[in-house]
Amino acid sequence: MQPDLAARLLALVVASPWLMAALRAARTLELPDWCLAAGVVRNMVWDAAHGRTPQPWPESDVDLVYFDATVTDTAHDAGLQARLTGLVPSLVWEVSNQAQVHCWFERYFGHPTAPITSLAEGIASWPETATAVGVWLDHADQLQLVAPLGLEDLFGLLVRRNPAHVSIATYRQRIADKRYAARWPLLTILHE
């Protein structure tokens, strides 16, 4: 990962009061291995690249992902989500334990996947490379970054399929559903 891109990303996070508030709220959950990731990070970077002040999209959620193999109760995530909503009700939260992805993956993506063994492995399996990025706030108020597929596509405004787990058909449907081209016209979207 290029250090200058990591520094640019962390500077954008610090300059986003709503995201810093979300990180502080998430930290209160005391999860063992967590981050705010996916669209919340991607949208912030792409909005900034398009000259917009990064703000949460009304129809988007703030994804808090974590890894805890000891938690198998799906209601646990809903409870965490409710706590976050109580702390920052202006945001739409979605909480997902990456250790449980294999339990619902086939229902959502149409084919099974093996259990994930770490937060980074879970993030590395996400559909687009530019989305596989997360940030968290440690107890010393230092921002930390997880980007197992790097930051080059994110900052290069490149939408590329991650072939690890997602079919071309699912990837193309996501591109259409997310309206990437309409929201961020400077993007280069690879369709294969």
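Strands β4 (residues 134-137) and β5 (residues 143-146) run antiparallel and are joined by four bridges. Strands pair here if DSSP finds at least two bridges between them. Helices (H or I, at least four residues) and strands (E, at least two) are DSSP runs, numbered from the N terminus. The model is predicted: local features need pLDDT of at least 70, side-chain atom pairs count only at pLDDT 80 or more, and totals for chains, interfaces and linings use all residues. Residues are numbered from 1 along each chain as its sequence is written, and side-chain values use heavy atoms, with hydrogens and water left out.

Stay with the hairpin. Leucine 137 stands opposite leucine 143 in β5. Five residues lie between the strands, and aspartate 141 takes a positive phi near 65° in this hairpin. Aspartate 141 is partly exposed, with a relative accessible area of 41%. On this scale, buried means under 20% relative accessible area, exposed over 50%, and partly exposed in between (1.4 Å probe, protein chains only).

Side chains of opposite charge can pair when their charged atoms come close. A salt bridge here is a side-chain nitrogen of Lys or Arg within 4 Å of a carboxyl oxygen of Asp or Glu. By this rule there are four salt bridges. One of them joins aspartate 141 to arginine 27, with the closest N and O atoms 2.6 Å apart. This pair links distant parts of the chain: aspartate 141 sits in the loop between β4 and β5, arginine 27 in helix α2 (residues 17-27), 114 residues apart. Arginine 27 is buried, at a relative accessible area of 17%.

Another salt bridge joins arginine 174 to glutamate 128, where the closest N and O atoms are 2.7 Å apart. Arginine 174 lies in helix α8 (residues 168-178) and glutamate 128 in the loop between α6 (119-124) and β4, so the pair ties together parts that are 46 residues apart in sequence. Both arginine 174 and glutamate 128 are buried. Aspartate 153 and arginine 160 also meet through their side chains in a salt bridge (2.8 Å, N to O). Aspartate 153 is buried, with a relative accessible area of 14%. Arginine 160 is partly exposed, at 33%.

Now the interior. In soluble globular proteins, nonpolar side chains tend to be buried together. A nonpolar core is a set of buried Ala, Val, Leu, Ile, Met, Phe, Trp, Tyr and Cys residues joined through side-chain atoms within 4.5 Å. The largest such core has 49 residues, and those with the most contacts inside it are Leu9, Leu23, Leu36, Trp46, Leu64 and Leu151. Helix α2 gives the largest share of this core, seven residues. Another core lies apart from it, with 13 residues, among them Val65, Ile116, Ile123 and Trp126.

Not counting residues up to four places away in sequence, leucine 23 touches Val13, Trp34, Leu36, Val135, Trp136, Leu137 and Leu143. Contact means heavy atoms within 4.5 Å.

Valine 88 sits in the loop between α4 (74-87) and β3. It is buried, with a relative accessible area of 13%. Leaving aside neighbours within four places in sequence, valine 88 is in contact with Ala21, Ala25 and Trp93. The C-alpha atoms of valine 88 and alanine 25 are separated by 7.2 Å, though the residues are 63 apart along the chain. Glutamine 100 has its place in the loop between β3 (93-97) and α5 (101-109). At 15% relative accessibility, glutamine 100 counts as buried. Its contacts, leaving aside neighbours within four places in sequence, are Val71 and Thr72.

The structure holds three aromatic pairs. Rings of Phe, Tyr and Trp (its six-membered ring) pair if their centres lie within 6.5 Å; planes under 30 degrees apart count as stacked, over 60 as edge-to-face and the rest as tilted. The rings of tryptophan 46 and tryptophan 184 have centres 5.2 Å apart and planes at 70°, so this pair is edge-to-face. Tryptophan 46 lies in helix α3 (residues 39-49) and tryptophan 184 in the loop between α9 (180-183) and β7 (188-189), so the pair ties together parts that are 138 residues apart in sequence. Tyrosine 180 counts as buried, at 1% relative accessibility. Tryptophan 184 is at 0%. Ring pairs link Trp46, Tyr180 and Trp184 into a cluster.
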